Amino acid sequence: MPSGDRHARDLIWGRTSDALRDLNRRRVLRAIMVSPSTQVNLAKFTNLSQATVSGIVQELQRDNLIVVDGNDNERGKKVSLSNVRGVAIGVEVSYDTVTVAARRVDGDVDRVVVDWSGRGAEHGSQAWMRECVQLIGEVVRRTGLDETDIVAIGLGIPAAVDPRTSTISQVAWALDWERGMDPGARLQEHFPGVPVIMDNEANYAAYGEYLYGAGRGTETMLFVKSSTSVSAGLIIRGLIYRGRHGLASEIGHLVMDPNGVVCQCGNRGCLETAVGGARLVEQVRRAYVGYRVDLPNSLANIVERAKSGDLLCRRVLQDAGRNIGIALSRTCNLLNPEKVFIGGELGRAVELVIEPAVQTMRLHSLGGMFNYLAPMTVEASELGLKAGAQGALAYALTVHHIRPN
């Protein structure tokens, strides 16, 4: 470690004093690592008074841990780290991919290194874990640091995670996981001493969009992630809403047709059986039976064909948008969010999905959502397929850790 550099992991969760002043100091440091910002914004993010944040910032300046620059207004100046060494990691494990993001905690939030593998949860735990460990090592090296500099790892998985125990509370039977399992603990075995914070992948995607994407500043927002599966994350005043068992916002399992196709969750006619990636691929391939064409084998293929003008693929995606619109109208009548974002693979075809979704929502939602002051909006995810990994990276930094003995 270069002379004068302090390790970020020791600063934010090493054993020091449990005095309120020290706890608040670590809280402010974590907030700066999540996103260098003004003192006003740091106070909002940490829920500390501006006077408390101002005092801590002055103390951190004296300790040569931060730099403050910007305009002449002291509280409007940007606060960022200096002489602090560390890299934060975010991992999103989807059914068919693993995405890993890395960012130095002393750098700008847009300087994120991202890599991915096509071997996700459906390939088995050994396969995705191996890919994950390898990708983490590669992206860390691309930041100019090494694995000893990892501060924390956020792990997003395609399963519900109990917020009280950090273990799986509901999982697709197609995966080799069980209730009560803790994949985060297995990942931590490869990175001893590094905390691994696990949550549902859609929750992390929502958090990433809220912090770094088009959701900045929203009071309530819903992020719908539609790829192989369909899930959602809900942010209320900067906090992820998970429900008692981590099952909140499971929009993919809203029942659309009680007599419909059996879903992997055991129910019939869930939204996922209508717009999940496998279902959309099945629709296209069935329509092309008997024709000499290359049949799509993934939702990504359908999206690309639709963008290239394939009328069949365009219609399938538009119909998916209408079905999502029905599910969103029910959800939004309960939650009345400020913004709704569409992400995942379907988020790459928003020009085909959002318009029919909104038209359907207008038919089935309360009129005031669209016809009142500051109407609700439905938008494409700004972060796209990187939202989950970036959200996981950020959230892992916000948690107060205690170094194990």
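Which helix holds Leu 335? Leu 335 sits in helix α11, residues 311-335, where helices (H or I, at least four residues) and strands (E, at least two) are DSSP runs, numbered from the N terminus. Welcome to a predicted model, in which local features need pLDDT of at least 70, side-chain atom pairs count only at pLDDT 80 or more, and totals for chains, interfaces and linings use all residues. Residues are numbered from 1 along each chain as its sequence is written, and side-chain values use heavy atoms, with hydrogens and water left out.

**Leu 335**

- Leu 335 is partly exposed, with a relative accessible area of 37%; buried means under 20%, exposed over 50%, and partly exposed in between (1.4 Å probe, protein chains only).
- The C-alpha atoms of Leu 335 and Leu 234 are separated by 9.4 Å, and these residues are 101 residues apart along the chain.

**Helices α2 and α3**

- The axes of helix α2 (residues 20-34) and helix α3 (residues 39-46) come within 10 Å and cross at roughly 110 degrees; axes are lines fitted to C-alpha atoms, for helices over the stretch in contact, and angles run from 0 to 180 degrees between N-to-C directions.
- That angle makes α2 roughly perpendicular to α3, a label for 65 to 115 degrees.
- In α2, Arg 27, Val 28, Ala 31, Ile 32 and Val 34 meet Leu 42, Phe 45 and Thr 46 of α3, with contact meaning heavy atoms within 4.5 Å.

**Nonpolar cores**

- The largest nonpolar core has 51 residues, and those touching the most other members are Ile 12, Ile 32, Leu 60, Ile 66, Leu 81, Val 105 and Leu 397; such a core is a set of buried Ala, Val, Leu, Ile, Met, Phe, Trp, Tyr and Cys residues joined through side-chain atoms within 4.5 Å.
- Helix α14 (residues 387-398) gives the most to this core, with eight residues.
- A second, separate core has 38 residues, among them Leu 280, Ala 320, Leu 328 and Ala 349.
- Leu 60 touches Arg 25, Val 28, Leu 29, Ile 32, Leu 65 and Ile 66, not counting residues up to four places away in sequence.

**Positive phi in loops**

- Asn 83 is not a glycine, yet has a positive phi of about 60 degrees.
- Asn 83 lies in the loop between β4 (78-81) and β5 (84-85) and is partly exposed at 29% relative accessibility.
- Arg 237, also not a glycine, has a positive phi of about 50 degrees.
- Arg 237 belongs to the loop between β14 (230-236) and β15 (239-241) and is exposed, with a relative accessible area of 65%.

Technical notes. Angles under 35 degrees count as roughly parallel, over 145 as roughly antiparallel, 65 to 115 as roughly perpendicular and the rest as oblique.
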